[in-house]
Amino acid sequence: MTGLTLYVGNKNYSSWSMRPWMAMTTAGIDFEDVVIPFDFAAGNPEIRAISPTGRVPLLRHGDLIVWESLAIIEYVAELYPDAGLWPADRQARARARSYSMEMLSGFRALRGACPMNVRRPKQALDVAADVRADIARIEQIWKQALAQSGGPFLFGSFSAADAMYAPVVNRFDVYDLVADPESVGYMERVKALPAFRKWEAAARAEPWVVPEDEV
Ligand SMILES: N[C@@H](CCC(=O)N[C@@H](CS)C(=O)NCC(=O)O)C(=O)O
């Protein structure tokens, strides 16, 4: 056991939790996975008790706690430098971080209109122009990265950048938002990853329904 515990929210809805979970699982890093469901009406006192922001994901390593999805990924990448969480090439690594930061700080229209909802039956959603603009930028990112690396993932082999976009794969899929064969092909490769399938199976088995996230 590595002594790492990752606290995550509902696997059906918690897109921020999915990111470090996917990165660590796909990199083969052993960790304890603790689900603390959130509840939009009341908040969950269990989350507030452990997290300075009242949010998950949160990583515990001995006395240390690390919060914010990307900070968790960075910490784990430092702990396991050979796990390949970031691309080995410095320029590729810088681009992977730029794309990851774009995800962390942007795409608010898409995130607001189309919450991650793993078990949502696929049904097309009419979306506004600002959501379309977010979708177009993400497809551009994927296209550029795949062209430069040659695929199959954004930087060749699976990296933290793919983990940061994994919840978008669910959104594009269940709200039927993209048709470009390159985007769809990338999404199929992400969806086929054992880690993605494991997260999906756990999400489907959850009893909790968050009405605000059911669009
Ligand atoms: N910027 C944060 C966002 C974390 C976040 O918003 N987490 C949501 C779940 S996806 C949460 O904990 N919500 C708690 C609540 O709504 O009670 C990160 O990247 O980790």
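These legends describe close-up views of one predicted model.

The model is predicted, so local features need pLDDT of at least 70 and side-chain atom pairs count only at pLDDT 80 or more, while totals for chains, interfaces and linings use all residues. Residues are numbered from 1 along each chain as its sequence is written.

**View 1. Four strands make an open sheet.**
The strand order is S2-S1-S3-S4, and the pairing is mixed. Strands pair if DSSP finds at least two bridges between them. Strands (E, at least two residues) and helices (H or I, at least four) are DSSP runs, numbered from the N terminus. S2 (32-35) and S4 are the edge strands, each pairing on one side only. From one strand to the next, the twist averages 20 degrees. Axes are lines fitted to C-alpha atoms, for helices over the stretch in contact; angles run from 0 to 180 degrees between N-to-C directions.

**View 2. Strand S1 (residues 4-8) meets S3, and helices pack on the sheet.**
S1 and S3 run antiparallel, joined by four bridges. Leucine 4 has histidine 61 in S3 as its bridge partner. H1 packs on the sheet and touches S1, S2 and S3; its direction makes about 145 degrees with that of S1. H3 also packs on the sheet, touching S3 and S4, and its direction makes about 130 degrees with that of S4. Contact here means C-beta atoms, placed from the backbone, within 7 Å.

**View 3. Two peptide bonds are cis.**
Most peptide bonds are trans. Valine 56 and proline 57 are joined by a cis bond with omega of about 15 degrees. Proline 57 sits in the loop between helix H2 (45-50) and strand S3 (58-61). The bond from glycine 151 to proline 152 is cis too, with omega near 5 degrees. Proline 152 lies in the loop between helix H6 (129-149) and helix H7 (160-174).

**View 4. Phenylalanine 107 has a positive phi.**
Its phi is near 55 degrees. Phenylalanine 107 lies in the loop between helix H4 (90-105) and helix H5 (108-113). Phenylalanine 107 is buried, with 21 other C-beta atoms within 10 Å. The cut-offs are 20 or more for buried, 12 or fewer for exposed, and partly exposed in between, with C-beta atoms placed from the backbone.

Conventions. Two residues are in contact if their C-beta atoms, placed from the backbone, lie within 7 Å.
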